[in-house]
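Let's take a look around inside this protein. Here comes the model.

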Amino acid sequence: LLGLLRRRKRRGGEPPLINGWIPYIGKALEFGRDAHGFLEDHKRRHGDIFTVQMAGKYMTFIMDPLLFPNIIKHGRQLDFHEFSNKVAPPTFGYPPTNSRKFPRLQEQIGRSFQLLQGENLTPLTESMMGNLMLLFRQDHLREGAGPEGGWRSSSMYEFCISVMFEATLLTMYGRPVSAQRHSGMGVLREDFVRFDSMFPLLMAQIPISLLRQTKAIREKLINYFLPHRMSCWSHTSQFIQRRSEVFEQYDALRDVDKAAHHFAILWASVGNTIPACFWSMYYLVSHPEALEKVRQEIHEALRLSGVEFSTDKDVALSREQLDKLLYLESAINESLRLSSASMNIRVVQEDFSLRLNAERSVKVRKGDFIALYPQSMHMDPEIYENPQTFQLDRYIQDGKEKTDFYKDGQRLKYYLMPFGSGSSMCPGRYFAINEIKQFLCLMLLYFDLQLEAGQKRATLDSSRAGMGILLPAEEVRFCYRLRTD
Ligand code: HEM
């Protein structure tokens, strides 16, 4: 108890220290209420590097993005896996991968991530296109799916989750040998949403047994991926197949442990992608000129490939075609900029002097966290003019992707970081961008879209600040109608 009550004192060469007046809890509650506002306020008062005590942890925030490169490249003394090994296993229910019981498991899992990238992205992208088209055809484009020639009304987040959850699941894990789709998808999705709503508490290391139904829901979700069930699925992605083969090499992994690993990947593959889809769709639908510009760009890409599009036919956009959609990509990046609030955490491996640039170093202590909070950079008016505004061509310059952004007159190496950085960079980032593009292409090609009148501007729900793409604070109603051109 004394240890919990003892307050740390700042030593020479260390950043300013903010303990907070509540022992142990420190500033955790204030940070949880409004992380971005909290950090901006402390930056004004203490400068661009400061250490905050939160829930017994000391976190040193580096707020100046010009200093990010030196933090990101510090591999040995600043470790990412120590943090993820601590939080991911109890959250998803598998045993720690770095345990001696599983020699080289972590390394093999790391290698499996290559199957999401490079040439492996092509079959994944093709499979996702087919699955999205299947769901659109069966659920939204079918005759009688809505009033004849008329508008249908829906909730936007609900729409995104119903399409993207199932399409991603089919693409990653495959489908039953004898059917095009899995049964019980609605229940699985609802359980997932209930688990997901507890995600911030699990990441805060609140024991799952204290979170009412969550443990039982997680068990149900994990059981969906038991090896004897997955062995009846076909068209499984190379990525998931490879992971199953790796798990088979370890007798010490029980079937439920293997299933829990698969469940964790399901979360990783949809937990951020669905809100990212929502925001990209929301910003386009609420900016009709931007939406029209992107729609023209997609039609143009199809025309250039000799495809004559009509709404009564299926369409497939290849990886190369998706790569050329500059405005669509800028719209997605701009939506990620406006909605992402991930935190990049590294654990200090030894007491040392952390060099920040040619002139500056700070002393840091073993076990402390170093944190980058890119949302502060994404919302910096010096880097992004009118940062709160959606600007379709924010990431376009002279007909190409714009990559030069400046702070204090210096070019930034890192200016958009929804996918993390360095050793903890998201391995699914290329697939994620492609699948969001595919979803939006289908929405824009097949439907007229508009917001229902009389709604307030959508706002961010900050309860998962630090953990990825934020959800909308409330649902948005929209209408869609099959296009006639
Ligand atoms: C890790 C963001 C989509 C697979 C991460 C991290 C971020 C992130 C920020 C690093 C977490 C950390 O530093 O603690 C996103 C966003 C996505 C997205 C914004 C969508 C817009 C995906 C998809 C997949 C995926 C589609 C898989 C198909 C993973 C995995 C990790 C990860 C496996 C853990 C990597 C590791 O342990 O080293 N993601 N992600 N992500 N992401 Fe994503």
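The second largest pocket has a volume of about 580 Å³. A pocket here is an open set of points on a 1 Å grid over the protein atoms alone, with protein on both sides within 12 Å along at least five of seven lines, and lining residues have an atom within 4 Å of a point. The volume is the space filled by probe spheres set on the points. Of the 24 lining residues, Asn333, Glu401, Phe419, Arg429 and Tyr430 are the closest to the centre. H20 gives the largest share of the lining, 5 residues.

Keep in mind that this is a predicted model: local features need pLDDT of at least 70, side-chain atom pairs count only at pLDDT 80 or more, and totals for chains, interfaces and linings use all residues. Residues are numbered from 1 along each chain as its sequence is written, and side-chain values use heavy atoms, with hydrogens and water left out.

Now for the iron atom of the ligand: its only protein donor is Cys426 (SG), at 2.3 Å. Donors are N, O and S atoms within 2.8 Å of the metal (3.2 Å for Na, K and Ca). Cys426 sits in the loop between strand S16 (410-411) and H20.

Next, the nonpolar cores, which are sets of buried (under 20% relative accessible area, 1.4 Å probe, protein chains only) Ala, Val, Leu, Ile, Met, Phe, Trp, Tyr and Cys residues joined through side-chain atoms within 4.5 Å.

| Core | Size | Residues include |
|---|---|---|
| Largest | 102 residues | Tyr173, Phe225, Leu284 |
| Second, separate | 24 residues | Leu67, Ile383, Tyr395 |

Note on methods
On a 1 Å grid over the protein atoms alone, a cavity is a set of points where a 1.4 Å probe fits but cannot get out, and a pocket is an open set with protein on both sides within 12 Å along at least five of seven lines; lining residues have an atom within 4 Å of a point. Helices (H or I, at least four residues) and strands (E, at least two) are DSSP runs, numbered from the N terminus. Buried means under 20% relative accessible area, exposed over 50%, partly exposed in between (1.4 Å probe, protein chains only).
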